[in-house]
Amino acid sequence: MKKLLIGVLVTGVLSSGVAYAASQAQSNTGCGLGAVLIGEKGNDSLLGQLAMTLLNGTSANQTFGITSGTSECKAPAKIVKNERLNEFVVANIDNLSKDIAMGNGESLDTMAELMGISIDKRAEVYSKIQANFANIFTSASVEAPQVVDNIAAIIQ
């Protein structure tokens with residue numbers, strides 16, 4: 001009885017995974033060796049995607065591709081920029097708050113550079129951020145990640 005129950009449970013889990021994979025068929029394969037060797041042709045069938053996934057996972061080439069930006073993978077530039085931005089805000093949160101309150105300053109310029117804001121749009125963004133100071137620094141104990149999230153929400 002115990003084996004039968006385990007068998008039913010395993011079958012249910014496996015079949016739900018296959019059904020989910022079939023419904024997500026066009027966007028599951030990612031990048032790596034399979035994406036290079038099979039390419040877009042493999043996206044048309046479940047078997048092709050399974051082959052691409054198997055090849056992508058061999059020898060950690062997908063992990064290497066993601067970190068290096070090779071094997072049809074794109075380097076995660078946004079994550080790297082956000083990490084640098086978070087580190088900057090953590091180290092300079094007091095100066096940044098003063099600059100945001102004034103609407104200009106070196107900390108604000110550096111933050112804009114790390115966020116990829118072009119020089120011609122900075123005055124507009126600085127004005128917008130200054131006007132929303134209370135929405136960025138919501139309390140005396142606000143932490144840097146919240147400040148970054150609040151600024152990003154206001155800029156977008």
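**Exercise 1. State whether F137 counts as buried or exposed.**

Solution. F137 has a relative accessibility of 14%, and it therefore counts as buried, a term that means under 20% relative accessible area, with exposed meaning over 50% and partly exposed in between (1.4 Å probe, protein chains only). The model is a predicted one, in which local features need pLDDT of at least 70 and side-chain atom pairs count only at pLDDT 80 or more, while totals for chains, interfaces and linings use all residues. Residues are numbered from 1 along each chain as its sequence is written, and side-chain values use heavy atoms, with hydrogens and water left out.

**Exercise 2. Find the aromatic pair and describe the two residues that form it.**

Solution. The structure holds 1 aromatic pair, and its members are F133 and F137, whose rings lie 4.9 Å apart from centre to centre, with 35 degrees between their planes. This pair is tilted; rings of Phe, Tyr and Trp (its six-membered ring) pair if their centres lie within 6.5 Å, and planes under 30 degrees apart are stacked, over 60 edge-to-face and the rest tilted. Turning to accessibility, F133 is partly exposed because its value is 28%, whereas F137 is buried at 14%.

**Exercise 3. Summarise the elements of the chain and how many of its residues are buried.**

Solution. The chain contains 9 helices and 0 strands, where helices (H or I, at least four residues) and strands (E, at least two) are DSSP runs numbered from the N terminus. Of its 156 residues, 28% count as buried. Among the contacts that join residues at least 6 apart in sequence, 46% link residues at least 24 apart, a contact being heavy atoms within 4.5 Å.

**Exercise 4. Describe how helix α7 packs against α9 and against α6.**

Solution. Begin with α7 (residues 122-131) and α9 (residues 144-155), which pack at an angle of about 120 degrees with their axes 10 Å apart; axes are lines fitted to C-alpha atoms, for helices over the stretch in contact, and angles run from 0 to 180 degrees between N-to-C directions. That angle makes α7 oblique to α9, since angles under 35 degrees are roughly parallel, over 145 roughly antiparallel, 65 to 115 roughly perpendicular and the rest oblique. The residues that meet are V125, K128 and I129 in α7 and I151, I154 and I155 in α9. By class, this contact has 5 nonpolar, no polar and 1 charged residues, with Ala, Val, Leu, Ile, Met, Phe, Trp, Tyr, Cys and Pro taken as nonpolar, Asp, Glu, Lys and Arg as charged, and the others, Gly among them, as polar.

Now take α6 (residues 106-115), which packs with α7 at about 115 degrees, their axes being 11 Å apart. The helices α6 and α7 are therefore roughly perpendicular to each other. Here L108, D109, M111, A112 and E113 of α6 meet R122, Y126 and I129 of α7, and the classes in this contact are 5 nonpolar, no polar and 3 charged residues.
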